[in-house]
Amino acid sequence: MARHQFAVIALLGIAVASIFWVLLDVARAYSHSSTSYGVENFENRFADLPKAATPKTVFGYISDNRPEDPSDQAEFYLTQYTLAPAIVVSTINEREVVANMHSANPDMKPLQARGFVPVRNFGNGIFLYRNISVR
Amino acid sequence: MSLLYLVLFCAAGFGLLRFLFPGQLRPSLHSALSLSVGAGIGLGIASCLYFICLALAGPKLWLLAIVEGAFVVAAIALGWRAQAGGTELTWADGPPPARFLTVLFAAAAVLGLALFVIYSATKPHGEWDAWSIWNLHARFLYRGGELWKNAFSSRILWSHPDYPVLLPGLISLSWTLARAESTLAPISIAFLFTFATAGLLIASLGVLRGRVQACIAGTLLLGTVVFVQVGAMQYADVPLSFYILATIVLLCLQDRHPQDLRFTLLAGLSAGFAAWTKNEGLMFLIVVILARAIVVLRFGARPALVRQLGAIAAGLVFPLAVVAFFKLRLSPPNDLASTRPADMLKHATDFGRWMTVLQGFGKEAFLFGQMAVEGEVVRGFLIPISLVLLLYWFLVRFRVHQRDRSSVTTAALAVALMLAGDFAIYVLLPRDVNWQLSTSLDRIFLQLWPAGLFAFFMAANVPQLAAKPAPEKSKPAARRASKPQRKTAEARSARG
């Protein structure tokens, strides 16, 4: 009996202690986050652009993230998540291109030199450009 | 409102289960099992009906309301009108759980629930796969109008548009009927599948092995951080684990009630929904039929095999037809499945790949529970659970009753064949095997965790947690008896 009791207590005690431990971590992280988390913040940067996105729209995408930066891929995916049902492709060869910038005053001259006309600045580093070389 | 519709689909599933296995309409083990299985069956049927409506007529709210409404009303009416009788599932014989066991179970349930709620409140859109695959596809389906097929566009191949549609379909269906997009829908679906899986494991072991085994397995599953957390992350792995477990449980119940083929029919339906949840579900479909055929031929008889295969096929028809339509007409090719045969041959003869995959499987089996989410390692068990289970086995040991041999073998063989199939896929298909292992192997193990626990506790001895009551004092004598004598006694009690 004692052997069986020890086995059950060891197995379940470890399981319950493990989830309690992780719960403390998660609760601590939750209580320390004063602003709304990740995805909402990212979506809010786009202001009312998602409302203008129709299922027929295809946006190009450019960012000032370095390609090896892990957040580059995540932000591209989140841009698609935000702008669905429009399709977002990671190229600038589309008529409309979403620029996702992170610096306060991004240098947009290289883009403008390549024939990109600014359509709108949404603030928070999100810009919409028109690529006049694409019909 | 989204929540209300989801509850209605679960109620419809419960109605169907009650129609098939009428029991008293009261809180009971029979009702708990029907509710757990029924929730998944109802959600699966609702998702398939949504996809059929969308594929045949486009996004027509009135059509959807009629079809889903008819399903819900008919299923609930069938369940309501069913007269109690026939197979009533009750607790298996055995001692009641000790007080400390009940306390640990309650603690795990509360902590699991709290973890799910806090995690969902922190990340209402879920984690990476949720917003880059499942919820993204749901947004395409819901927001896309007539262009809903953009969800499967080859221009977003990175979001795996070939993945089946059970989860996105359910989310989009809830939004469509509620006429509002809310994160409450994916959170509720994740909640239903996570806790229905726990309910199913507990209720099924309660029927097959008794209260103590049910309580231990339930505590362990609810105490598995990665299971609750991946559920709250809104990934499809937990719904898939539900359908895998449900299929295996229903086949095991079939063994207890050999004449009642409705269990196998439902197992077929559940296996079909597994294929409608994730591509791994398609492999499970093949694996579970193979496992069942081997077991029936080993322990049963050929006529039983034909009858059971027929019942599985009947259950499979509906979901498999939906999966086939999706795969043949809408889905772009899968990135792994499009590997050229020459590359597969090259991979198969690469000794290094075999070693890499073997090492990955060994490491995951040892460290199961740890998971990397967005670069951060989610802590799992404080001590590797494989070691603790090994210790548990050493102290408690396995003791498979003769009547459970085919059930335990079905469950263990299905899990083992799934792991073998996954192993072969890792060796043969991906270009970058290290990346593939690091991003998916932990979830492959998670998909099989509830079914693995079920197999383990079906086989494990029921631990003796309280002093034996006086009338059973003769048992030590039986234990001292020679092995042939014990076997004879077992066989006699199985027949009895």
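This is a predicted model: local features need pLDDT of at least 70, side-chain atom pairs count only at pLDDT 80 or more; totals for chains, interfaces and linings use all residues.
Let us begin with chain A and its overall build. Its secondary structure comes to 5 helices and 5 strands.

Now turn to the strands of chain A. They build an open sheet of 5 strands with mixed pairing, and the order across the sheet is β2-β1-β3-β5-β4. At the edges are β2 (87-89) and β4 of chain A, each of which pairs on one side only. On average, neighbouring strands of this sheet are turned by 35° against each other, with direction ignored.

On one side, strand β5 (residues 126-131) of chain A pairs with strand β3 (residues 96-100) of chain A in the antiparallel sense, over 5 bridges. Two places let you find this pairing in the view. N100(A) stands opposite I126(A) in β5(A), and E96(A) has R130(A) in β5(A) as its bridge partner. The sheet also carries a helix: α4 (residues 70-83) of chain A packs on it and touches β1 (58-63), β2 and β3 of chain A. The direction of this helix makes about 150° with that of β1(A).

Another partner of β5(A) is strand β4 (residues 116-121) of chain A, and this pairing is also antiparallel, with 5 bridges. Here R120(A) stands opposite L128(A) in β5(A). The two strands β4(A) and β5(A) form a hairpin with 4 residues between them. In its turn, G123(A) has a positive phi of about 80°.

In total, 48 residues of chain B are in contact with 38 residues of chain A. On the side of chain B that touches chain A, the elements that give two or more residues are α4 (99-122), α5 (128-143), α8 (211-222) and α16 (385-396) of chain B. Which of them gives the largest share? That is α4(B), with 12 residues. Sorted by class, this side of chain B has 29 nonpolar, 14 polar and 5 charged residues.

Helix α1 (residues 2-32) of chain A packs with α16(B) at an angle of about 165°, and their axes are 9 Å apart. That angle makes α1(A) roughly antiparallel to α16(B). The crossing of α1(A) past α16(B) is left-handed. From α1(A), the contact takes in R3(A), H4(A), F6(A), A7(A), A10(A), L11(A) and I14(A); from α16(B), it takes in V388(B), L391(B), Y392(B), L395(B) and V396(B). By class, these residues are 10 nonpolar, 1 polar and 1 charged.

Our last stops are inside chain B, with two helix pairs. In one of them, helix α1 (residues 2-20) of chain B crosses helix α7 (residues 184-208) of chain B at roughly 30°, and their axes come within 9 Å. This makes α1(B) roughly parallel to α7(B). The crossing of α1(B) and α7(B) is right-handed. S2(B), L3(B), L6(B) and C10(B) of α1(B) make the contact with L184(B), A185(B), S188(B), I189(B) and L192(B) of α7(B). The residues of this contact divide into 7 nonpolar, 2 polar and no charged.

The other pair is helix α15 (residues 351-367) of chain B with helix α18 (residues 433-459) of chain B, packed at an angle of about 35° with their axes 10 Å apart. The crossing of α15(B) and α18(B) is right-handed. On the α15(B) side you will find R353(B), T356(B), V357(B), G360(B) and E364(B), which meet V433(B), N434(B), L437(B), L441(B), D442(B) and F445(B) in α18(B). How do the residues of this contact divide by class? The contact of α15(B) with α18(B) has 5 nonpolar, 3 polar and 3 charged residues.

How values were computed
Residues are numbered from 1 along each chain as its sequence is written. Chains are lettered from A and ligands numbered from 1 in the order in which they are written. Axes are lines fitted to C-alpha atoms, for helices over the stretch in contact, and angles run from 0 to 180 degrees between N-to-C directions. A crossing is left-handed if the near helix is turned anticlockwise from the far one by less than a right angle, and right-handed if clockwise. Two residues are in contact if their C-beta atoms, placed from the backbone, lie within 7 Å. Ala, Val, Leu, Ile, Met, Phe, Trp, Tyr, Cys and Pro count as nonpolar, Asp, Glu, Lys and Arg as charged, and the others, Gly among them, as polar. Two strands pair if DSSP finds at least two bridges between them. Angles under 35 degrees count as roughly parallel, over 145 as roughly antiparallel, 65 to 115 as roughly perpendicular and the rest as oblique.
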